[in-house]
Amino acid sequence: TLDINHHKVLITTRANLIVGDEFQTNELDQEETKSFLLEILRSEFEDYDISTYESDLVSEDKYKLVHEVTNGRPLFVYQFAYIWVQVGKIEEALRRKIKQEKTAIDFLYGRIYDYLSPTAKDVFVAIGQIVSDEDPTNLIEKVRYILNLENSEKFDNAIKELEKLRIIEIIDTKFFRVYSREILHSMSSYFSNRNDSFRRSLISRIQEVTRDKN
């Protein structure tokens, strides 16, 4: 119901203080990504012949690739549209690894850690020590143990915080999955910046339970 001529909306996941109602959003699926991309082209590039761009997206293989390089994230889809128009060919635009570029990573993840609660920061770095690029999943209770936070409400709240910020996903209530490879790499870098005492304690308890989720 907002009139875009008079209203502006800022949507952010980075504020711990909630004013109004929270709502969760998901990334776009393949068809939604295609539709959103075409809407951007039509609205932002009125002076261009959009029919040539539309014909490129008739091929299912093409818009599958668009979805892969953007992860269906609206900001990345918007960026892709501009790159596509600039370079002229969708094949050339697809070669740009938008979601892997440093500017994109910094924008989406660069300051997440700074906004986390103290316990969530501990959980954040601990998770990075028991998952890998090959398998970004593990048991929630294992994280609780290696942080020595059994029966801790703070731990439960920290898990909810990370889930809300789309840092992790919860699978079947017992497992978590790190949301992206970029976040996982960020977890590792922040762990290396923690003090020696914290790192030694974490590594010691990890050795007791092993990294194997089975």
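# Notebook: a look through the chain

**Entry 1: S180**

I began with S180, which counts as buried because its relative accessibility is 7%. The cut-off for buried is under 20%. I note here that the model is predicted. Next I looked up where S180 sits, and found it in the loop between β3 and α11. S180 and N71 are 109 residues apart in sequence. In space, their C-alpha atoms are 10.0 Å apart.

**Entry 2: the whole chain**

I stepped back to the protein chain. I counted twelve helices and three strands. The chain has 214 residues, and 37% of them count as buried. How much of the contact total comes from residues 24 or more positions apart? I took the contacts with a separation of 6 or more, and such residues account for 68% of them.

**Entry 3: I40 in α1**

I picked I40, found in helix α1, residues 30-44. Is I40 buried or exposed? Its relative accessibility is 3%, so I40 counts as buried. I then listed what I40 touches, leaving out residues up to four places away in sequence. The list is F45, V77, Y78 and A81. I also looked at the pair I40 and Y82, which are 42 residues apart in sequence. From C-alpha to C-alpha, I40 and Y82 lie 9.0 Å apart.

**Entry 4: α3 and what follows**

I moved to helix α3, residues 60-70. Here K62, Y63, V66, H67, V69 and T70 are buried. An α-helix has 3.6 residues a turn, so residues three or four places apart point the same way.

Which helices do the buried residues of α3 pack against? I found α1, α2 (50-56), α4 (74-87) and α5 (90-94). After α3 comes N71, and its phi is positive, near 60°.

K97 has its place in the loop between α5 and α6 (102-109). Its relative accessible area is 47%, so K97 is partly exposed. That class lies between 20% and 50%.

I turned to helix α8, which is mostly covered. Seven of its ten residues are buried. They are T119, A120, V123, F124, V125, A126 and I127.

Before the next step I noted how such pairs are described. Two packed helices are described by the angle between their axes and the distance between the axes. I looked up both values for α8 (residues 118-127) and α11 (residues 181-192). The angle is about 110°, and the axes are 7 Å apart. That makes α8 roughly perpendicular to α11, because angles from 65 to 115 degrees count that way.

Which residues meet? From α8 I found F124, V125 and I127. From α11 I found I183, S186, M187, Y190 and F191. By class, this contact has seven nonpolar residues, one polar and no charged.

**Entry 5: the second largest pocket**

I went looking for empty space. Rolling a probe the size of a water molecule over the atoms shows where empty space is left.

I wrote down its lining: I140, E141, R144, D156, I159, K160, E163, I170, T173 and K174. Which helix gives the most to this lining? It is α10, with four residues. Helices α9 (140-146) and α10 (153-164) each supply at least two. I sorted the lining by class and got three nonpolar, one polar and six charged residues.

**Entry 6: two positive phi values**

T173 lies in the loop between β2 (168-171) and β3 (175-178). Its phi is near 65°, a positive value in a residue other than glycine. Is T173 buried or exposed? Its relative accessible area is 68%, so T173 is exposed. The cut-off for exposed is over 50%.

My last stop was N148, in the loop between α9 and α10. Its phi is near 60°, again positive in a residue other than glycine. Both α9 and α10 had already come up at the pocket.

Technical notes. Residues are numbered from 1 along each chain as its sequence is written. This is a predicted model: local features need pLDDT of at least 70, side-chain atom pairs count only at pLDDT 80 or more; totals for chains, interfaces and linings use all residues. Side-chain values use heavy atoms; hydrogens and water are left out. Axes are lines fitted to C-alpha atoms, for helices over the stretch in contact, and angles run from 0 to 180 degrees between N-to-C directions. Angles under 35 degrees count as roughly parallel, over 145 as roughly antiparallel, 65 to 115 as roughly perpendicular and the rest as oblique. Contact means heavy atoms within 4.5 Å. Ala, Val, Leu, Ile, Met, Phe, Trp, Tyr, Cys and Pro count as nonpolar, Asp, Glu, Lys and Arg as charged, and the others, Gly among them, as polar. On a 1 Å grid over the protein atoms alone, a cavity is a set of points where a 1.4 Å probe fits but cannot get out, and a pocket is an open set with protein on both sides within 12 Å along at least five of seven lines; lining residues have an atom within 4 Å of a point. Buried means under 20% relative accessible area, exposed over 50%, partly exposed in between (1.4 Å probe, protein chains only).
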